[in-house]
Amino acid sequence: MADSILRNTSKAFAKNIIFLCRKLKQQGAEGVLLQQLLRCGTSIGANVHEAQYAQSTKDFISKFEIALKECNESEYWLELLYETGSLGLQEFELYKKECITLRRMLVSSVTTLKSKNTSTKGDI
């Protein structure tokens, strides 16, 4: 998993969120909203990264499910920043598209992992 697409995509998203929050902070956007976005937007990649050292398949799935929740939360804060005028439409659509891409990758991974985990339980 050292060079997985999901890991690279989630890390790139985290970096983009950091740059966005820095920019919006300089523009005077609401600090609490930015802190929330920064926390959850960077947490996605952290959980994906941490999953590679999971203690079990169940732990691995759990890390991906947490990343999925953080992705959904990131989208919420982006929507709020857009709807309150801190984020323009073009930027909002770009970041929302990144969230959707990550969410699809995470859902696909979790679904695959769960189906493999269920099918191997009967083999024991």
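1. Start with the charges. Glu-75, Glu-79, Lys-96 and Arg-103 are joined in a network of salt bridges. The model is predicted, and a search of the whole structure gives nine salt bridges.

2. Lys-96 is partly exposed, with a relative accessible area of 26%. Glu-75 is buried, at 9%.

3. Lys-96 also meets Glu-79 in a salt bridge, at 3.7 Å from N to O. Here too a residue of helix 4 pairs with one of helix 3, so parts 17 residues apart in sequence are tied together. Glu-79 counts as partly exposed because its relative accessibility is 24%. As background, side chains of opposite charge can pair when their charged atoms come close.

4. Lys-63 pairs with Glu-50, and the closest N and O atoms are 3.2 Å apart. Lys-63 sits in helix 3 and Glu-50 in helix 2 (residues 31-51), so the pair links distant parts of the chain, 13 residues apart. Lys-63 is buried, with a relative accessible area of 15%. Glu-50 is partly exposed, at 39%.

5. Now helix 3 itself. It covers residues 57-83. It has 27 residues and reaches 39 Å from its first C-alpha to its last, close to the 39 Å expected at 1.5 Å a residue. Gly-85 follows the helix, and its phi is positive, near 85 degrees.

6. Ser-74 is in helix 3. It counts as buried because its relative accessibility is 0%. Leaving aside neighbours within four places in sequence, Ser-74 is in contact with Phe-13, Leu-37, Cys-40, Gly-41, Ile-44 and Cys-99.

7. Next, the nonpolar side. The largest nonpolar core has 31 residues, and Leu-37, Phe-64, Leu-78 and Leu-106 touch the most other members. Helix 1 (5-26), helix 2, helix 3 and helix 4 are the elements that give two or more residues to this core. Helix 3 provides the largest share, nine residues.

8. Not counting residues up to four places away in sequence, Leu-106 touches Leu-6, Ile-44, Val-48, Phe-64, Ala-67, Leu-68 and Cys-71. Phe-64 is among the core residues that touch the most other members.

9. How many aromatic pairs does a search of the whole structure find? It finds three. In one of them, the rings of Phe-60 and Phe-64 have centres 4.8 Å apart and planes at 35 degrees, so the pair is tilted. Phe-60 and Phe-64 are four residues apart in helix 3, so about one helical turn separates them. An α-helix has 3.6 residues a turn, so residues three or four places apart point the same way. Phe-60 is buried at 18% relative accessibility. Phe-64 is buried at 3%.

10. Tyr-76 is partly exposed, with a relative accessible area of 44%. Trp-77 counts as buried, at 13% relative accessibility.

Note on methods
Residues numbered from 1 in each chain as written. Predicted model: local features only at pLDDT ≥ 70, side-chain atom pairs only at ≥ 80, totals over all residues. Heavy atoms only, no water. Buried < 20%, exposed > 50% of the residue type's maximum accessible area, 1.4 Å probe, protein only. Contact = heavy atoms within 4.5 Å. Expected span 1.5 Å × (residues − 1). Salt bridge = Lys/Arg side-chain N within 4 Å of Asp/Glu carboxyl O. Core = buried A, V, L, I, M, F, W, Y, C linked by side-chain atoms within 4.5 Å. Phe/Tyr/Trp six-rings, centres within 6.5 Å; stacked < 30°, edge-to-face > 60°.
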